Amino acid sequence: MHLPLEINFGQLPASPSIRSAVRAGTATLNRYYPEIIGCHVDLSPGDSGTVPQVHIKLKLPGAEVDVNQAQESHEDLESAVQRAFATMQLRLADWVAGQR
């Protein structure tokens, strides 16, 4: 994967499995749209301090696309990351369709 990737765990413990989930999600997006310029992922405790938030920002030619999602009470953080990347893929598809 050639696109720049930043992962910020904030106050959450850095985890190899979460890093792997982020890299896999980014690779999927990059295969779908290779012109992605960069990807920044913030993982934070969220406003309440108990429900982690996943924020993904893609830099695209002439635009940025963002996704903010809170971890659901029944899921682990890795699942929340995967769900956020699935949402990002839908947003990216919408953006690509709007460019045509």
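**Exercise 1. How many aromatic pairs does a search of the whole structure find?**

Start with the rule: rings of Phe, Tyr and Trp (its six-membered ring) pair if their centres lie within 6.5 Å, and planes under 30 degrees apart count as stacked, over 60 as edge-to-face and the rest as tilted. With that rule, the search of the whole structure gives 1 aromatic pair. The partners are tyrosine 33 and tryptophan 95, at 5.5 Å centre to centre with 85° between the planes, which makes the pair edge-to-face. (Helices, H or I with at least four residues, and strands, E with at least two, are DSSP runs numbered from the N terminus.)

A word on the model: it is predicted, so local features need pLDDT of at least 70 and side-chain atom pairs count only at pLDDT 80 or more, while totals for chains, interfaces and linings use all residues. Residues are numbered from 1 along each chain as its sequence is written, and side-chain values use heavy atoms, with hydrogens and water left out.

**Exercise 2. Is tyrosine 33 buried or exposed?**

Buried means under 20% relative accessible area, exposed over 50%, and partly exposed in between (1.4 Å probe, protein chains only). Tyrosine 33 has a relative accessible area of 14%, so tyrosine 33 is buried.

**Exercise 3. Which residues have the most contacts inside the largest nonpolar core?**

A nonpolar core is a set of buried Ala, Val, Leu, Ile, Met, Phe, Trp, Tyr and Cys residues joined through side-chain atoms within 4.5 Å. The largest one here has 28 residues, and Leu43 and Leu92 have the most contacts inside it. Now look at who contributes: α1, β2, β3, β4 (63–70) and α2 each give two or more residues, with the largest share, 9 residues, coming from α2. Finally, zoom in on leucine 43: beyond its neighbours within four places in sequence, its contacts (heavy atoms within 4.5 Å) include Ile7, Phe9, Ile18, Val54 and Val81.

**Exercise 4. Where is glutamine 71, and what does glutamine 71 touch?**

First, find glutamine 71 in the loop between β4 and α2. Then check its accessibility: at 17% relative accessible area, glutamine 71 is buried. Leaving out residues up to four places away in sequence, glutamine 71 touches Val51, Pro52, Asp76, Leu77, Ala80 and Arg83.
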